[in-house]
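Please open the structure in a viewer and keep the sequence panel beside it.

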Amino acid sequence: MKRSNEIPIVAGIFAVALSWFLFHAIIWAINGSVIDAGRLVGPDSYMRLVRVEELLNGTGWFNDVIARANAPYGDQLHWTRPFDVLLITVATPLAPFLGWKAAIYWAGALTAPFLQIITALLFGWAIFP
């Protein structure tokens with residue numbers, strides 16, 4: 001019988017899921033939950049939401065300057081728009097119930113952990129062979 005040194009897929013998925021859960025448990029213990037404390041991790045998270053809010057308020061697609069940062073000059077952000085579109089897509093069904101500002105916040109709070117776990121699983125899948 002041939003013995004394989006490969007880790008079974010289920011064990012790999014379990015390890016990724018457990019690591020993801022522990023990471024978020026530590027963040028929750030240090031920073032508080034986005035649900036009860038209402039805080040995202042780091043200022044970049046909020047700058048992204050401000051950028052999305054400004055896009056919804058009519059800022060040009062290619063305008064990468066946030067006027068509220070580094071007043072009166074503004075601050076140029078290097079982020080691209082596809083993630084902004086994802087946040088708007090998630091926020092759109094929430095907006096009639098919560099309003100745009102809260103819908104964008106919850107879209108950011110819900111989208112990031114989901115993308116983290118998907119990325120980790122895809123990374124594991126890519127290196128498995």
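The tour begins with the whole chain and then turns to individual residues.

**The whole chain**

Select the entire protein chain. The model is a predicted one, and the mean pLDDT of the chain is 80, with 84% of the residues reaching 70 or more. If the viewer can colour by confidence, apply that scheme. Confidence is lowest in helix H1, residues 9-31, where the mean is 79; it is highest in helix H4, residues 95-98, at 93.

Next, switch to a cartoon display. Five helices and two strands make up the secondary structure, and along the sequence their order is α-α-β-β-α-α-α. The chain has 129 residues, of which 24% count as buried. Considering contacts between residues at least 6 apart in sequence, 51% join residues at least 24 apart.

Now display the surface. The chain exposes about 9400 Å², and carbon and sulfur atoms supply 70% of that area.

Select Phe14, Leu18, Phe21 and Leu22. Together these residues make a nonpolar surface patch of about 430 Å². Of this group, centre the view on phenylalanine 21, which is found in helix H1. Is phenylalanine 21 buried or exposed? Its relative accessible area is 51%, and phenylalanine 21 is therefore exposed, the cut-off being over 50%.

Remain in helix H1 and select alanine 17, which has its place there. Alanine 17 is partly exposed, with a relative accessible area of 34%. Alanine 17 and isoleucine 118 are 101 residues apart in sequence, and their C-alpha atoms are 9.9 Å apart in space.

**Helix H2: glutamate 54**

Move to helix H2, residues 43-56, and select glutamate 54 within it. The relative accessibility of glutamate 54 is 16%, so this residue counts as buried, for which the cut-off is under 20%. Which residues does glutamate 54 touch, not counting those up to four places away in sequence? Show the side chains of Thr59, Val65, Ile66, Ala67 and Arg68, which are its contacts under that condition.

**From leucine 94 to tryptophan 106**

Select leucine 94 in the loop between helix H3, residues 82-91, and helix H4. At 26% relative accessibility, leucine 94 counts as partly exposed. Leaving aside neighbours within four places in sequence, leucine 94 is in contact with Gly99, Ala103 and Trp106. The C-alpha atoms of leucine 94 and tryptophan 106 are separated by 8.4 Å, although the two residues are twelve apart along the chain.

**The aromatic pair**

The ring centres of tyrosine 105 and tryptophan 106 are 5.2 Å apart and their planes stand at 85 degrees, so the pair is edge-to-face.

Finally, compare the exposure of the two partners. Tyrosine 105 counts as buried, at 15% relative accessibility, whereas tryptophan 106 counts as partly exposed, at 25%. The tour ends at this pair.

Key: Residues numbered from 1 in each chain as written. Heavy atoms only, no water. pLDDT = per-residue confidence, 0-100. Helix = DSSP H or I, 4+ residues; strand = E, 2+ residues; numbered from the N terminus. Buried < 20%, exposed > 50% of the residue type's maximum accessible area, 1.4 Å probe, protein only. Contact = heavy atoms within 4.5 Å. Areas by Shrake-Rupley, 256 points an atom, 1.4 Å probe, with all protein chains shown as cover. Patch = residues over 30% accessible without salt bridge, like charges linked within 9 Å, V, L, I, M, F, W, Y side chains within 5 Å. Salt bridge = Lys/Arg side-chain N within 4 Å of Asp/Glu carboxyl O. Phe/Tyr/Trp six-rings, centres within 6.5 Å; stacked < 30°, edge-to-face > 60°.
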